[in-house]
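Let's take a walk through this model together, starting at the ligand and moving on to the helices. Have the structure open beside you as you read.

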Amino acid sequence: MSNHQIHIIGGGLAGSEAAWQLAQAGIRVKLSEMRGSGDMTPAHHTDGLAELVCSNSFRSDDANSNAVGLLHQEMRALGSIIMAQGDLHKVPAGSALAVDRDGFSDGVTAALAAHPNITIVRERVDQLPAEGLTIIATGPLTAPGLADSIGAATGKDALAFFDAIAPIVHRDSIDMDIAWFQSRWNKGDGHDYINCALSKDQYLAFHQGLLDGEKAEFKQWENVPYFEGCMPIEVMAERGVDTLRYGPMKGVGLDDPRTASAEFPNGRWPYACVQLRQDNATGTLWNIVGFQTKLKHAAQVALFRTIPGLENAEFARLGGLHRNTFIRSPELLDATLRLKSRPNIRFAGQITGCEGYVESSAIGLLAGRFAAAEILGRTMAPPPVETALGALLGHITGGAEAETYQPMNVNFGLMPPIEGRTKKADRKLMYTARARAALEPWLETV
Ligand SMILES: Cc1cc2nc3c(=O)[nH]c(=O)nc-3n(C[C@H](O)[C@H](O)[C@H](O)COP(=O)(O)OP(=O)(O)OC[C@H]3O[C@@H](n4cnc5c(N)ncnc54)[C@H](O)[C@@H]3O)c2cc1C
């Protein structure tokens, strides 16, 4: 089919979902996927579309008290092929939605191949198309030629490669009777960071915990050199007992108010200190500064909860280590996922900086819907920010800090906060009820 109306590059989760949404709207789609033409990414194993590269789980399917479960529900309401095939190939997994990965990928491939509006071409694309409506959905392992072309089009520093990510904590799970707001040396507004002080004994125990904690294993393709500016904390800890105390855990310039006295009215500098930096516009999520790590997730939770003030920390994202390619979406993309400098090109999936199968598919769904509306001469408003779709999209296209932008799972912290004091379980129900109420009228407009 040479008369396609839009070209989608990448037949992973996002590209497949975008193609489906467009085709269902009556748009003719060309879908280019390099697997099946002799190329393979370092993590894929098959030629199937929407192959799951690691676990087989779409995580919680609980739409009442879990943000990813809510996202499932919203995607189903929008006719998602990923959710339809996921449901069809479901395997028992408690309250999670886990799938038979081969049946799932085969199902998506067959549905797209059978669709009269979709032509699947097995080819690697090495350049951003100069013209024509295009969706780039080539994922975290975008082939190098295209990655270079994207880098050239988005500016020298726009393509971010990283080796390790730091955990993110829900603000309302930090004990502010122990932690305090202050920037080091009172710079800026003077209170930009949340600080958690450690005594000498607490620091030494924490350091030992880093050395002893179970680390994630490297896969061959993950074995890239560390950037000095993004060194995992356990690697720093191995360099010496004080390395962290002179690095991300330094206490200088910070006055712990709990130690205030006549001599030090603002408090004394702690032996060591952990700082958290605001991670989203609404201030519901805070990033532990410099705490990129390859500790296993359970080890991270156990160790980070030994930090005073974080005893009950809830994590929106834990640290991790893998090679990844994503663009600085908050500054590069408009509200409908178009590259501002070249609006014929949209981005979708993990390359936009969302994280996870479901999130990548959700952003593919929205990219497909926005592109279909554009082709059909309609305007489509972004989903309301109270919904999981709208919250995720808003984070990617402007809510997140561009300078410190890192891949993100959907979570309630991306939504406008629910005011007032309520029990955590009740608050989750309130988030999801509010999301459903907001989604319903929006659905009638799309
Ligand atoms: C090693 C690894 C493990 C992961 N484990 C999990 C997990 O357990 N759970 C989870 O939720 N998420 C996981 N993720 C994140 C996961 O990659 C994404 O959630 C999801 O696969 C991203 O979807 P996507 O469509 O953006 O990219 P992908 O699914 O990767 O799809 C991109 C597609 O583009 C194709 N492509 C790339 N370059 C080109 C090109 N130049 N021309 C043509 N085609 C091209 C690729 O072959 C691929 O099919 C993992 C990621 C990695 C890298």
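Of the 32 residues around the ligand, which come nearest? They are Glu33, Arg35, Gln350, Gly356 and Tyr357. Keep in mind as you look that this is a predicted model.

The side chain of Arg35 places an N or O atom 2.8 Å from an oxygen atom of the ligand. Tyr357 uses its backbone instead: a polar backbone atom of Tyr357 is 2.8 Å from an oxygen atom of the ligand.

Begin with helix 2, residues 67-77, and helix 12, residues 424-443. Their axes come within 11 Å and cross at roughly 15 degrees. That angle is under 35 degrees, and helix 2 and helix 12 are therefore roughly parallel to each other. The crossing of helix 2 past helix 12 is right-handed. On the helix 2 side, Leu70, Gln73, Glu74 and Ala77 make the contact, and helix 12 answers with Thr432, Ala435, Arg436, Leu439 and Leu443. Sorted by class, this contact has five nonpolar, two polar and two charged residues.

Next come helix 3, residues 81-88, and helix 4, residues 101-114. Here the axes are 9 Å apart and the packing angle is about 135 degrees, so the two helices are oblique to each other. Helix 3 also passes helix 4 in a right-handed crossing. Where they meet, helix 3 brings Ile81, Ile82, Gln85 and Gly86, while helix 4 brings Phe104, Gly107, Val108, Ala111 and Leu112. This contact of helix 3 with helix 4 divides into six nonpolar and three polar residues, with no charged ones.

How values were computed: Residues numbered from 1 in each chain as written. Predicted model: local features only at pLDDT ≥ 70, side-chain atom pairs only at ≥ 80, totals over all residues. Heavy atoms only, no water. Axes fitted to C-alpha atoms, helices over the stretch in contact; angles between N-to-C directions. Helix = DSSP H or I, 4+ residues; strand = E, 2+ residues; numbered from the N terminus. Parallel < 35°, antiparallel > 145°, perpendicular 65-115°, else oblique. Left-handed = near helix turned anticlockwise from the far one by under 90°. Contact = heavy atoms within 4.5 Å. Nonpolar A, V, L, I, M, F, W, Y, C, P; charged D, E, K, R; others polar. Near = heavy atom within 4 Å. Polar contact = N/O pair within 3.5 Å; in protein donor to acceptor, adjacent residues only side chain to side chain.
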